[in-house]
Amino acid sequence: MATTKTKKAIPTVPEPPLPAGELPLHIDRKRQIRLGFGIFFLLTGVFTTVSIISYYYSWNADQDKFFSSNSLSQFLFKDHTPVANWGGRMGAAIAHLLVYSGAGIASMAIGIGIAAIGTNLIYGKKAAVYMRYARWVSIVLLLLAPVLTYLFPDSPFPLGGALGNATISYFNGLLGVAGTGMALLSIVLFFVFVIFALDISPFIKKMKERAAIMAASLKPVQEFNKPEDPAAIDEEEEEEEKAAVAPFAITNTDEIQAMPATGNKLKANTGHVPLIIAGEPANKEWEMDMVEKKLDHIDNHMGLVDANIEEEAEMSEEERLFNEWKTDAGVAEPHQPVEEDEYPEVEAYEEEDYIEEEEEDEEAPQPEFTFEVKQQENERPTIKHGAHISIASNEPYAPELDLPDYRFPTLDLMETRVEEEISLNKGELERNKDQIVQTLNSFGIEIQQISATVGPTVTLYEVVPGKGVRISKIKNLEDDIALSLAALGIRIIAPIPGKGTIGIEVPNANKQIVSMQALLSSPKFVDNKMSLPIALGKKIDNENYIVDLATMPHLLMAGATGQGKSVGINAILVSLLYKKHPSQLKFVMVDPKKVELSIYRTIEKHFLAKLPNEEEPIITDIKKVIYTLKALCDEMDDRYGLLKDAGARNIKEYNEKFIARRLNPENGHKYLPFIVLVIDEFADLIMTAGKEVEMPIARLAQLARAVGIHIIIATQRPSVNVITGTIKANFPARIAFKVSAKVDSRTILDTGGAEQLVGRGDMLISHGSELLRLQCAFVDTPEVENVVNFIGGQRGYLKAHPLPEPEMDDEDGGAKTFDPKNRDKLFEECARTVVQMQSGSTSNLQRRFNLGYNRAGRIMDQLEAAGIVGPAVGSKPRDVYFTSENELEEFFGTLK
Ligand SMILES: Nc1ncnc2c1ncn2[C@@H]1O[C@H](COP(=O)(O)OP(=O)(O)OP(=O)(O)O)[C@@H](O)[C@H]1O
């Protein structure tokens, strides 16, 4: 009541007129409350933003502390362990909740939004402004969080927070990874092109207009330097008199007054200078007024005033009152619209004039105000850097131009082995047929029909059995039939896949050598478009067997000693040397026996790749093999990085883009040659280095195909401890030369048969689902020498292709040690999760078990040391070496 009385009393006492700059009491109080809230919001926003920025650096240290507290209040008020966040415990908690449990790094928009609201409260803007902020903050949160999670799914820092994770895992389930990517891209494009474009267009317009104003405002200043037509001056003066006097006097004319040093010079050639030097205030003011008026004029002319209407709409009532009050008090006057034709020279201004003027004044000491002119020159649009970043030529890139004079090896380097007509003795054929029919009949197997296909090493007899004969019966009689045919190397194929017949392969009395020269000159080899064509030999029906190593994509060759492995490797290498240019293919050769591959050292500068600073082009030392394998893994990772940048799925697509000059070498892009790793005696390696060799080979075999790295391994010991499950699983293409026992054949091919081969290049190849018998092409050592000498005698690269320098875990390159007693409580659970998901991702463990980064990282290290996951590979998830939970449980059993 008392207040009311006081209020009522106020009108009776006439208020004294408000002093300039002060507002009526009710406006003032409202403003104070707003100011209070504004400051509060501003500080809160700044604090939140700073805490989030700090979280980026301190989250590793603080996350464990946050998780180890039972509740938020305990973390805030009861725990006393110091935190690393710049905002203290409160900052750490806010940042954790907003970033980790919220929208990741995008949450910064919340802090900035709160601060912006605070600022606007201080200035008393209307509610519409806050709505606009809220809209933008929501867009940023909803868009940025999923995009960041999608782009960096395995980033240890929660870039997209829980919001990003939840959105992406939902959409990945709904649309798949590619579908989610496309959906995100369309949403982002929608915002960029539709909403954002609409919003920025006025801004761009404004910027353009401002630039025009700046240009125009400098015009009169330059005109000081230019002699003027007296008539024009008169006219201008007249017009100026007509124009309204500038409502606000610009007093900062000191600069113009303080120009005596230049005055004399100017006096000689300018019309306006006497006015300036004389220092008559009216004239000085006139000059500056002209500038101001022109600014106003252009504002009106260009519609800036209209643009300001929008801003005014956002003004608070208080601001309007304040402006009205200012107007009344004569502090400022509204802009006077000026007729367009009053300042025709604004439009008439031409750049050439300006350049000429500058040239004329070159020798004269430059008066201060010409400085502005120079600034203007800087602001003139320049050619953007990068606008011309383009590769000089539009011609497709030709990798062969690295060595333009390189000549491919010629066929005369290979020995000419005339392939005799396959002439199997008719008598031999008849004899074999009769014996087969007899033998089968003696076991009660009726035959409807029999035919023979004569191959270089064996003849295939195809038998169509009588009705009701079970195929398994014939298969069971394999040994008996072989015995009665009295020939070595009989192989029964019952039935021949895709045919209703039974095949019986009988070795020929006279075997034929398959000529490598004939294979290399065959149209099938010459005209093929395979990435890595290899001419392996001939099938049983004499068809040339040429296959693409890139599709295999790796090859395992095994067989007893002296059965043709080395010849087989040479056949493969020679085929590649005949077909590929040195820029397209590199070999990494490992030869623990030191003699088999040393012949290829001659082509070191053309076709070999090795570790930098390594002298030997062919690797023979086991330790260097481990380094080399690591380097190849690094090369693979680097290549994946390049493919990702280029948006290519495999080396073929990548190289096509590079050849079409769609990838900029300045961004690290380069033509990627295929790399073929050849290991001649794999058993020696695995016996000496075990997992250290097996794991990187398995990793390369699993992943390197897409980036053009292929592996050929050969061994003469086809036992299970050499050709392990891991190796077999990753080498789908396998070649078996003759082996001594059926069990060895099973180890190599998962089936018998290789023990019945006749040796000397007779082989079985298992590729995809088929098993084929081939006679390997024969290449003798002198022929290989001819080829490598031919290549080595030509100009090559300066050195062998360098592989990346590998980083090893410790000096010995050994793996981390695992102490079963000293492992995390969650070790087993995490191991199960990792095996279930087949992905060694630390951030996954963090999310699953609510772990801090450090602890999750420690557990991942323990998993690596235990051999459950592979080493860290950049930000990608680690490889998981256990394929099933059973396997894992067995492993846990060994730890107890
Ligand atoms: N495709 C083939 N055609 C004809 N003869 C062959 C063929 N392959 C190998 N031979 C013969 O077998 C011999 C041994 O071959 P090779 O040296 O390739 O055996 P290997 O399996 O590499 O033996 P090791 O394991 O002892 O090195 C050759 O010297 C050659 O006479």
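In what order do the 4 strands of the open sheet stand, and is their pairing parallel or antiparallel?

1. The model discussed here is a predicted one, and the opening question concerns its open sheet, in which 4 strands follow the order β1-β2-β4-β3 with antiparallel pairing. The edges are taken by β1 (447-454) and β3 (491-493), each of which has a single partner strand, so one side of each is left without a neighbour in the sheet. From one strand to the next, the twist averages 20°.

2. Within that sheet, strand β2 (residues 458-465) pairs with strand β4 (residues 502-507) in the antiparallel sense over 6 bridges, and E462 stands opposite G503 in β4. A helix also belongs to this part of the picture: α18 (residues 426-442) lies across β1, β2 and β4, and runs at about 145° to β1.

3. For the "binding site" feature, the UniProt record, which is an unreviewed entry, lists G559, A560, T561, G562, Q563, G564, K565 and S566. One of these, G559, is found in the loop between β8 (555-558) and α23 (565-579), and G559 counts as buried because 29 other C-beta atoms lie within 10 Å, where 20 or more are required. When its neighbours within four places in sequence are left aside, G559 is in contact with G564, K565, Q716, A736, F737, K738 and V739.

4. Q563, another residue listed in that record, lies in the loop between β8 and α23. Q563 is likewise counted as buried, with 25 C-beta neighbours inside 10 Å.

5. Turning to a pair of helices, the axes of α25 (residues 622-646) and α27 (residues 682-689) come within 10 Å and cross at roughly 95°, which makes α25 roughly perpendicular to α27. The residues that meet are I622, V625 and I626 in α25 and L685, T688 and A689 in α27. By class, this contact has 5 nonpolar residues, 1 polar residue and no charged residues.

6. The UniProt record, again an unreviewed entry, places the feature "transmembrane region" at residues 35-57, 97-121, 133-153 and 173-198. In the model, the span of residues 35-57 is 100% helix and 0% strand, with its end C-alpha atoms 33 Å apart. Over residues 97-121 the chain is 84% helix and 0% strand, and the end C-alpha atoms lie 26 Å apart.

Methods
Residues are numbered from 1 along each chain as its sequence is written. This is a predicted model: local features need pLDDT of at least 70, side-chain atom pairs count only at pLDDT 80 or more; totals for chains, interfaces and linings use all residues. UniProt positions are given in the numbering used here, feature names are shortened, and annotations may be inferred rather than shown by experiment. Helices (H or I, at least four residues) and strands (E, at least two) are DSSP runs, numbered from the N terminus. Axes are lines fitted to C-alpha atoms, for helices over the stretch in contact, and angles run from 0 to 180 degrees between N-to-C directions. Angles under 35 degrees count as roughly parallel, over 145 as roughly antiparallel, 65 to 115 as roughly perpendicular and the rest as oblique. Two residues are in contact if their C-beta atoms, placed from the backbone, lie within 7 Å. Ala, Val, Leu, Ile, Met, Phe, Trp, Tyr, Cys and Pro count as nonpolar, Asp, Glu, Lys and Arg as charged, and the others, Gly among them, as polar. Two strands pair if DSSP finds at least two bridges between them. A residue is buried if 20 or more other C-beta atoms lie within 10 Å of its own, exposed if 12 or fewer, and partly exposed in between; C-beta atoms are placed from the backbone.
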